[in-house]
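Open the model in your viewer and keep the sequence panel beside it. The stops below each give something to select and then say what is there.

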Amino acid sequence: MRLGLSIGTLGPAAADPNAQLMLVQEAERLGYDSAWASEGYGVDPATTLAWLAAGTERIALGTGVIQMSSRTAVATAMAAATVDRVSGGRFLLGLGASGPQVSEGWHGQRYERPLAHLRDYVAVVRTALEQRPVEHEGPSIVLPLPDSRGKALTMTIGPVRQPLPVHLAAMGPKAVELAGEVADGWLPIHFPPEHLADTLAHLRAGAARAGRDAARVEVSPMVMAMVDDDADYARDMVRPMVALYLGGMGTKGVNFYNRLAHRLGFGSAAARVQDAYLDGDMGEAVEELPDDLIDALTLCGTPDRVRELMGAYRKAGATRLIVGLNAPTMDDRIEQLGWLAELNS
């Protein structure tokens, strides 16, 4: 099982490109196979990865993830081809549907039939990256527009790698099946090892429906990580981010991370966290997180526990584990990178 680093979009590290580059350079030195930049409503991941490409040599650079509502499928294909070229063929395209809060509130795009749109989107991206004329007729994307002056155009450049790997962020069963059907990789987030193992059945079902070998689909769980000899301190370092995901990453009716906590048996606690967060009481939201919920959703605790969890992810079917760091200072984050690399060996 390889290691990836998620540099995120929140906190001081996201605001300081030099800090991001320092972390990724250290990850490269330690043998991490990839670094992933996320997209929220601030930092642009493709631009970030182009910056990181200039300061690194070997590490793969992925979007974890680009939101479909933030740009058209051909704009994503152009960004992917460009970053792949400037990085010498190191780009990994991670895509996700996001949710109604960001799609409708930030990008002004209706959040309707997200899986149908994701299927269309991937098809158009692949067509453009293969430098074929972009023609598509699906339920959510039609190109060129019918009864218009448009014509099918071909992208003037292509990526270094053909085909360029496409990874899908997916949490629910139908979304995971779609990843197995059309993607080169699956990016689950906050999945405990046992839930990962169970959900792989949906990935295999999607792959089988498309006549694909599920073993060729990379499985790259994304988890918040914090290693410390004091397990309570490690939990406290990840609590604010867990509260943000369960409470603020979505609306009352549509929060995929909150739904995951319900599926894992933490429905009551997840509801209390969300209620407190949406009422504006971040302190109470953090306090409502029980230790066992933190332990289920994150890779945190003592070195022995983290090593055991990494082994569990490997056994569950993860081919890569993407870690997000929660340590408070740059020195602490660099120490965490080394610790995690050692525990995965």
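Select R126, L129, E130, Q162, P163 and L164: these residues line the largest cavity. On a 1 Å grid over the protein atoms alone, a cavity is a set of points where a 1.4 Å probe fits but cannot get out, and a lining residue has an atom within 4 Å of a point. The space in the largest cavity is about 40 Å³, where a volume is the space filled by probe spheres set on the points, and points are joined across faces, edges and corners. By this rule there is one cavity of 30 Å³ or more. Colour the lining of the largest cavity by type and you get three nonpolar residues, one polar and two charged. Here Ala, Val, Leu, Ile, Met, Phe, Trp, Tyr, Cys and Pro count as nonpolar, Asp, Glu, Lys and Arg as charged, and the others, Gly among them, as polar.

This is a predicted model, in which local features need pLDDT of at least 70 and side-chain atom pairs count only at pLDDT 80 or more, while totals for chains, interfaces and linings use all residues. Residues are numbered from 1 along each chain as its sequence is written, and side-chain values use heavy atoms, with hydrogens and water left out.

Stay with P163 and show the backbone. Which kind of peptide bond joins Q162 and P163? The bond is cis, with omega about -5°. P163 sits in the loop between β7 and β8. Helices (H or I, at least four residues) and strands (E, at least two) are DSSP runs, numbered from the N terminus. Now select P144, which lies in the loop between β7 (142-143) and β8 (166-169). The peptide bond from L143 to P144 is also cis, with omega near -15°. Most peptide bonds are trans, and most residues other than glycine have a negative phi.

Two residues to check for phi come next. Select R113, in the loop between α5 (100-105) and α6. Its phi is near 45°, a positive value in a residue other than glycine. Is R113 buried or exposed? R113 has a relative accessible area of 57%, so it counts as exposed. The cut-offs are under 20% for buried and over 50% for exposed, with partly exposed in between (1.4 Å probe, protein chains only). Then go to Q131, in the loop between α6 and β6 (136-137). Phi of Q131 is near 55°, again positive in a residue other than glycine. Q131 is partly exposed, because its relative accessible area is 34%.

Move on to the second largest pocket by selecting M68, S69, Q109, H117 and Y121, which lie nearest its centre among 18 lining residues. A pocket is an open set of grid points with protein on both sides within 12 Å along at least five of seven lines. This pocket holds about 390 Å³ of space. Its lining divides into nine nonpolar, six polar and three charged residues. Highlight α4 (73-86) and α6 (114-129): each supplies at least two residues of the lining. Helix α6 gives the most, with three.

Next, select P45 in helix α3 (residues 45-54). P45 is buried, because its relative accessible area is 0%. Leaving aside neighbours within four places in sequence, P45 is in contact (heavy atoms within 4.5 Å) with A37, S38, E39, T63, I66 and R71. Draw a distance from the C-alpha atom of P45 to that of N258: the two are separated by 25 Å and are 213 residues apart along the chain.

V323 can be viewed in the same way, in strand β13 (residues 320-325). V323 has 0% relative accessibility, so it counts as buried. Beyond its neighbours within four places in sequence, V323 is in contact with G4, L5, S6, Y32, V223, A225, L299 and L340.

Finally, zoom out to the whole protein. The secondary structure comes to 15 helices and 13 strands. The C-alpha atoms fill a box of roughly 65 × 45 × 40 Å, taken along the principal axes. Of the 345 residues, 54% count as buried. Among contacts with a separation of 6 or more, 73% are between residues 24 or more positions apart.
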